[in-house]
Amino acid sequence: MLKLIGLELRRNKLKGYQVASGCIFLVTLAFCFLFAFMPAIVESQGDILPAREVAMFSGWNNLIAMMSTISMASFAVLSTVMHARFIVTEYTGKRAILLFSYPIKRSRILWAKCSLVFWFTTGMMFLCNLAAITLFGICSNLFQIISEPFTITTFTHLLTTTLILSLLSGAIGLIALRIGFWKKSVPITIVSAVILVSPCSQLFSFFLDSSITVMLATMLLLLTIGFVIFLGLTRMVNRMEVL
């Protein structure tokens, strides 16, 4: 399997996706500062935020939940774009004929492609989100941006949240891949990811006080669904006929 993933890396360069991940890192970092200064920005315009919204922007748990959700949505879409490029287009037309001519089981090739995309996007989200919010936390401690200090306990909470949402972004990518593969359509694949991300984000913002539990339940549910429908996709690819 590792050899197949290595071959996929030689066929499909990841540099563009690494640059995209770097951009998401910078955007996440910028949003951290924007959200932290949001109460002051609103006050400078003569308005006053309700106490609940001030608490939302000044507490680490809420800030981590909001920023990690934005990062999750971005990497879920990136995962879908990669699935569309690496799989949907590869199993269409003449590319499929070439792919099926390889003396390797079709299911093994599909597993290699999906594993590459899943673990690349999951790993990049884990690193980028962790780095962006930790960097902001260090800046906050140095310059007193947020009154609540960024501690080891806060970092542990960030670590747990990031791990859960990283796996969730990969699960959303798998589900969107299956929907897009049904019509062999790249736009449908990407739109499916956006549609799946939206209710997840709304759910997390609604249950902000118990976000970890809700995130964990959502991740386990979508990861299970993603794995089951991926097995269905494997059977479909094994039975595909090339015209």
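Thr69 touches Leu165, Ser201, Phe204 and Met215, with residues up to four places away in sequence not counted. Contact here means heavy atoms within 4.5 Å. The model is a predicted one, in which local features need pLDDT of at least 70, side-chain atom pairs count only at pLDDT 80 or more, and totals for chains, interfaces and linings use all residues. Residues are numbered from 1 along each chain as its sequence is written, and side-chain values use heavy atoms, with hydrogens and water left out.

Thr69 lies in helix 5, which spans residues 60-88. Helices (H or I, at least four residues) and strands (E, at least two) are DSSP runs, numbered from the N terminus. Thr69 counts as buried, at 9% relative accessibility. The classes are buried for under 20% relative accessible area, exposed for over 50%, and partly exposed in between (1.4 Å probe, protein chains only). Thr69 and Lys183 are separated by 114 residues in sequence and by 29 Å in space, C-alpha to C-alpha.

The chain holds 10 helices and zero strands. Its pattern along the sequence reads α-α-α-α-α-α-α-α-α-α. Taken along the principal axes, the C-alpha atoms fill a box of roughly 65 × 30 × 30 Å. Of the 243 residues in the chain, 48% are buried. Among contacts with a separation of 6 or more, 81% join residues 24 or more positions apart.

Asn129 is found in helix 7 (residues 106-143). This residue is buried, with a relative accessible area of 0%. The side chain of Asn129 makes a polar contact with the side chain of Thr162, at 3.0 Å. A polar contact is a pair of N or O atoms within 3.5 Å; within protein, one must be able to donate a hydrogen and the other to accept it, and residues adjacent in sequence count only if both atoms are side-chain atoms. Neighbours within four places in sequence aside, Asn129 is in contact with Thr28, Met67, Ser68, Ser71, Leu158 and Thr162.

Helix 8 (residues 152-183) packs with helix 10 (residues 211-239) at an angle of about 30°. Their axes are 8 Å apart. Axes are lines fitted to C-alpha atoms, for helices over the stretch in contact, and angles run from 0 to 180 degrees between N-to-C directions. Helix 8 passes helix 10 in a left-handed crossing. A crossing is left-handed if the near helix is turned anticlockwise from the far one by less than a right angle, and right-handed if clockwise. The residues of this contact between helix 8 and helix 10 comprise 22 nonpolar, five polar and one charged. Ala, Val, Leu, Ile, Met, Phe, Trp, Tyr, Cys and Pro count as nonpolar, Asp, Glu, Lys and Arg as charged, and the others, Gly among them, as polar.

Aromatic rings were treated next. Rings of Phe, Tyr and Trp (its six-membered ring) pair if their centres lie within 6.5 Å; planes under 30 degrees apart count as stacked, over 60 as edge-to-face and the rest as tilted. By this rule there are nine aromatic pairs. The rings of Phe31 and Phe35 have centres 5.7 Å apart and planes at 65°, so this pair is edge-to-face. Both residues lie in helix 2 (residues 15-36), four residues apart, about one turn of the helix. Phe31 is partly exposed, with a relative accessible area of 30%. Phe35 is buried, at 13%.

Trp111 and Phe227 form another edge-to-face pair, because their ring centres are 6.4 Å apart and their planes stand at 65°. Trp111 lies in helix 7 and Phe227 in helix 10, so the pair ties together parts that are 116 residues apart in sequence. Trp111 is partly exposed, with a relative accessible area of 30%. Phe227 is also partly exposed, at 45%.

Gln144 is found in the loop between helix 7 and helix 8. Its phi is near 55°, a positive value in a residue other than glycine. Gln144 is exposed, with a relative accessible area of 59%. Leu208 lies in the loop between helix 9 (186-206) and helix 10. Leu208 counts as buried, at 10% relative accessibility. Leu208 and Asn62 are 146 residues apart in sequence and 6.5 Å apart in space, C-alpha to C-alpha.
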